[in-house]
Protein chains: 2
Amino acid sequence: MAGTLAFDEVTTPYGHSGRMLGGSATYLSFAASLFGPKTGVVSVVGDDFGDELLDKFRRRGIDLQGVQRLAGHKSFYWKGYYYENMNRRDTLVTEVNALEHFDPRVPADFRRPDLVVLGNLHPAVQARILDQLDARPQLIVLDTMNFWMDTARKELDAVIARVDLLMLNEEEARQLTGEFSIITAAKHIMQMGPDYVVIKRGEYGSLLFHADAVFMAPAYPLEVFRDPTGAGDTFAGGFAGHLSRYESFGFNELKDAIICGANLASFTVEDFGTRRLENLHRDELRERMRKFVEITHYPMLERVYE
Amino acid sequence: MAGTLAFDEVTTPYGHSGRMLGGSATYLSFAASLFGPKTGVVSVVGDDFGDELLDKFRRRGIDLQGVQRLAGHKSFYWKGYYYENMNRRDTLVTEVNALEHFDPRVPADFRRPDLVVLGNLHPAVQARILDQLDARPQLIVLDTMNFWMDTARKELDAVIARVDLLMLNEEEARQLTGEFSIITAAKHIMQMGPDYVVIKRGEYGSLLFHADAVFMAPAYPLEVFRDPTGAGDTFAGGFAGHLSRYESFGFNELKDAIICGANLASFTVEDFGTRRLENLHRDELRERMRKFVEITHYPMLERVYE
């Protein structure tokens, strides 16, 4: 897992979060570690990211050998404002801080992973992480955002060509490809390199594309929805965590994994920041998955249309 | 089936439709008649709605006894403009015409239906149709829109209290109830009378609520999407048509019916107006339903979370 360890501060229609633990690597590793695999983080923090925060990771069995602390710098900080429907947000403050000087170092123990998730980072940094691996993982998942499409398109295309699965939202897929239709956009992305494309649609679920096939997963409908921050990274982390239960990662395994990722993300958004995810018990996820199966099951259709 | 028989004219990113056959009762009855039940229409047209148009209905076995022609009037006309993502539209022209003088008359043959769909009309007109029935149908479905929430709220509440199922989109559900959460909004609506609420989410599928239960149906992902006009009415008509295959209409039957309605609507939006729906063969729908089952099926999840 690579990404940011950071501080976030958000305002949503449900209130103001205050300064809180955030960053893509935080959600990724918290989510993945729920499933029990060995999870290592490659990231960077500043002086202000105290040991009591790092302990939150250690207590979950997350290996922090790949986390550098840059003396004299502060950690990445992002402040955002979500509008009423929470599909729109404004960035109020971005302080890159330590991240600007991040030269990732992958520890020897991490160089033969089964699965790599490259969370949101500069695409050149994502590429330098891949450069340090000793063996090709079974699956490399890349997450990115529109910011890099605007500012580092060449590096982004280069890293996309090296991964197995690209995860992005509908708007990002449209921007990356110039295609309005999500299906056409996904086909276009698969021509750029990845065998799989996952389109995240927030409360509406997600789509998984592979060659000529597609899989649709709805999202668990929520009554309480306080803060979308970290939902995408929780999705990716839960996706990876779930996959760790399988021996190999084929289309069928990936189908289940996106359902699992989406259900896990449905907890994250119920409260601010990592609050809900940190205190989540595996039984709660199991119960929600069971409920998910129940509310997506249509018992009779096959009979009528066979 | 009650609703409008009308002319529409739309501009979408894919072009301009010209003046074309439209109206909620058109899509409702074209959709329902694909499934073979006896389908009757209650509506009104003007002098300009020629016999060649009415023949399109008759050829599909649709009973037009309930359609009045108002001499000296023109038919309802709507002209709209859809923005690029087609979730937003502007109404350019609305000419109510004959509809303004519509006093619905339900023919004797229609007064004991199994199922009634009240398509978009003034809620007082919808109520007058219910008044003329001799026996309570097994299921009364009501479709409405935000316009009536603004202009005829009292009559709308009165007719909502008399139906079994209210169908509306997310924005309409929020406006009707003042609740942002769709789940909370659906619960609120069920307290207003209906046993069931269907929330249509366009390309993102739909939700069916009943007491404490919910069912989620994704929508078939489309590469070609030219004109959303009539999608909601096709959904409702396909929903009703599919139900006609069952003896009774319980929660499980309704689940299948919303999947069927959504899949049928996915054809309508592939071309302008009724063009695709008119020429649709039942085998095409059967094939799409089969495909739908395939792309929503997750084979392994139950095992992992049992």
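Guide: Let us begin with a definition: two residues are in contact if their C-beta atoms, placed from the backbone, lie within 7 Å. The model discussed here is a predicted one.

Visitor: Which residues of α3(A) meet α5(A)?

Guide: By that criterion, α5(A) contributes A:Glu155, A:Leu156, A:Ala158 and A:Val159 to the contact. The residues of this contact divide into six nonpolar, one polar and one charged. On the side of α3(A), the residues are A:Pro123, A:Ala124, A:Gln126 and A:Ala127.

Visitor: At roughly what angle do the axes of α3 and α5 of chain A cross?

Guide: Two packed helices are described by the angle between their axes and the distance between the axes. Helix α3 covers residues 123–131 of chain A and helix α5 covers residues 153–160, and their axes come within 8 Å. The crossing is left-handed. The angle is roughly 30 degrees.

Visitor: Is the crossing of α9(A) and α11(A) left-handed or right-handed?

Guide: The axes of helix α9 (residues 251–268) and helix α11 (residues 282–296) of chain A come within 10 Å and cross at roughly 120 degrees. As α9(A) passes α11(A), the crossing is right-handed.

Visitor: Which residues of α11(A) meet α9(A)?

Guide: From α9(A) come A:Ile259, A:Cys260, A:Asn263, A:Leu264 and A:Ser266. By class, this contact has six nonpolar, two polar and one charged residues. The residues of α11(A) are A:Leu285, A:Arg288, A:Met289 and A:Phe292.

Visitor: What is the radius of gyration of chain A?

Guide: Chain A has 12 helices and 13 strands, and its C-alpha atoms fill a box of roughly 65 × 40 × 35 Å along the principal axes. Because a compact globule with 306 residues would have a radius of gyration near 19 Å, the value for chain A agrees with that expectation. That value is 18 Å.

Visitor: What percentage of the residues of chain A count as buried?

Guide: A residue is buried if 20 or more other C-beta atoms lie within 10 Å of its own. Among contacts in chain A with a separation of 6 or more, 66% are between residues 24 or more positions apart. Of the 306 residues of chain A, the buried part is 49%.

Visitor: Which element gives the most to the side of chain B that touches chain A?

Guide: In this interface, 33 residues of chain B are in contact with 33 residues of chain A. Elements giving two or more residues on the chain B side are α7, β13, α9, α11 and α12 of chain B. By class, that side has 20 nonpolar, five polar and eight charged residues. The most, six residues, comes from α11(B).

Visitor: How many residues of β10(B) are buried?

Guide: Strand β10 (residues 165–169) of chain B is joined by three bridges to β9(B), running parallel, and B:Asp143 has B:Met167 as its bridge partner. Five bridges join β10(B) to β11(B), also parallel, with B:Leu166 opposite B:Val197. The strand is largely enclosed by the rest of the structure, because the buried residues number four of the five.

Visitor: How many residues of helix α1 of chain B are buried?

Guide: Helix α1 spans residues 24–33 of chain B and is mostly covered. Its buried residues include B:Tyr27, B:Leu28 and B:Phe30.

Definitions and conventions
Residues are numbered from 1 along each chain as its sequence is written. Chains are lettered from A and ligands numbered from 1 in the order in which they are written. This is a predicted model: local features need pLDDT of at least 70, side-chain atom pairs count only at pLDDT 80 or more; totals for chains, interfaces and linings use all residues. Axes are lines fitted to C-alpha atoms, for helices over the stretch in contact, and angles run from 0 to 180 degrees between N-to-C directions. A crossing is left-handed if the near helix is turned anticlockwise from the far one by less than a right angle, and right-handed if clockwise. Ala, Val, Leu, Ile, Met, Phe, Trp, Tyr, Cys and Pro count as nonpolar, Asp, Glu, Lys and Arg as charged, and the others, Gly among them, as polar. The radius of gyration is taken over C-alpha atoms; the globule rule is 2.2 Å times the number of residues to the power 0.38. A residue is buried if 20 or more other C-beta atoms lie within 10 Å of its own, exposed if 12 or fewer, and partly exposed in between; C-beta atoms are placed from the backbone. Two strands pair if DSSP finds at least two bridges between them.
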